[in-house]
Amino acid sequence: MTPEEYRQLKAFARQDGALLSLLWIGSFACYILGIANPLWAMVSMILIVASPFFAANRLRKFRDGAREGSISFLRGYAYTAMVFFYAAILLAAAMYIYFDFIDNGYLLSTINQVLSTKEGKKMIELYGMTDQIKVSLKALAEMRPIDYAVNMLSVNITIGLVLGLPIAAVMKREAVNSKL
């Protein structure tokens, strides 16, 4: 790969990473709303499940538009890993901003409200998780905004490295040499 091709790969990956981050930030917002409303939780899950398909579609557009219809497995993997990397950085920044300036304890108080209902208490008892829930809620309360952001950054980069393999394998296409 030439330096020019590498710059092109990074430029397209940054753009598509920004688009993927919008999908993830929307999913995060739906997750926050979904703690109290199951419909939003379902929308959040759908957006998350759509992420690898979105990334594959963006790789296809890169392959067909910028690469003239061909891309190797390694170049496709590098592109997909970069897309997930850039998206993870932007999502981590958005999560940091949310938890530091917007949340003000909303997430934790909503989880406590849901778990304090009759149904929530029954579910916790049914699964025998009373002590684990208390420990988990205490740990959540002690987390700083940067902890949430760094945790999601590392998780999403890892997910990108893993999902990049099948996406690149499916989307690779060798150049067709036409001899006329």
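At 70% relative accessibility, Asn104 counts as exposed. In this predicted model, Asn104 belongs to the loop that connects α3 and α4. Its phi is positive, about 50 degrees, although Asn104 is not a glycine. Most residues other than glycine have a negative phi.

Glu68 is another residue of this kind, with a positive phi near 55 degrees in a residue other than glycine. Glu68 sits in the loop between α2 and α3. The relative accessible area of Glu68 is 74%, so this residue is classed as exposed, the cut-off being over 50%.

## Helix α3

Helix α3 covers residues 73-102 and contains 30 residues. From its first C-alpha to its last, α3 reaches 42 Å, close to the 44 Å expected at 1.5 Å a residue. After α3 comes Asn104, with its positive phi.

Two residues, Ala78 and Phe101, illustrate distances in this part of the chain. Ala78 is found in helix α3, and its C-alpha atom is separated by 34 Å from that of Phe101, 23 residues apart along the chain. With a relative accessible area of 24%, Ala78 is partly exposed.

## The largest nonpolar core

The largest nonpolar core is made up of 32 residues. Within this core, the residues with the most contacts are Leu20, Trp24, Phe28, Leu59, Tyr79 and Phe99. Helices α1, α2, α3, α4 and α7 are the elements that each give two or more residues to this core. The largest share comes from α3, which supplies eleven residues.

Phe28 shows what such contacts involve. Leaving aside residues up to four places away in sequence, Phe28 touches Leu91, Met95, Tyr98 and Phe99. Of these partners, Phe99 is itself listed with Phe28 among the core residues that have the most contacts.

## The largest pocket

The largest pocket has a volume of about 570 Å³. Its lining consists of 26 residues, and those nearest its centre are Phe28, Tyr31, Ile48, Met95 and Met152. The elements giving two or more residues to this lining are α1 (3-34), α2 (38-65), α3 (73-102), α4 (106-116) and α7. By class, the lining has 20 nonpolar and six polar residues, with no charged ones.

Ser44 is found in helix α2. Its relative accessibility is 5%, which means that Ser44 counts as buried, since the cut-off is under 20%. Apart from residues up to four places away in sequence, Ser44 touches Ser27, Cys30 and Tyr31.

Met171 is found in helix α7, which covers residues 145-171. Met171 is buried, with a relative accessible area of 15%. Not counting residues up to four places away in sequence, its contacts are Ala56, Leu59, Arg60, Arg63 and Ile71. The C-alpha atoms of Met171 and Leu59 are 7.2 Å apart, although these residues are 112 residues apart along the chain.

Methods:
Residues numbered from 1 in each chain as written. Predicted model: local features only at pLDDT ≥ 70, side-chain atom pairs only at ≥ 80, totals over all residues. Heavy atoms only, no water. Helix = DSSP H or I, 4+ residues; strand = E, 2+ residues; numbered from the N terminus. Buried < 20%, exposed > 50% of the residue type's maximum accessible area, 1.4 Å probe, protein only. Contact = heavy atoms within 4.5 Å. 1 Å grid on protein atoms, 1.4 Å probe; cavity = no way out; pocket = protein on both sides within 12 Å on 5 of 7 lines; lining within 4 Å. Points joined across faces, edges and corners; volume = space filled by probe spheres on them. Nonpolar A, V, L, I, M, F, W, Y, C, P; charged D, E, K, R; others polar. Core = buried A, V, L, I, M, F, W, Y, C linked by side-chain atoms within 4.5 Å. Expected span 1.5 Å × (residues − 1).
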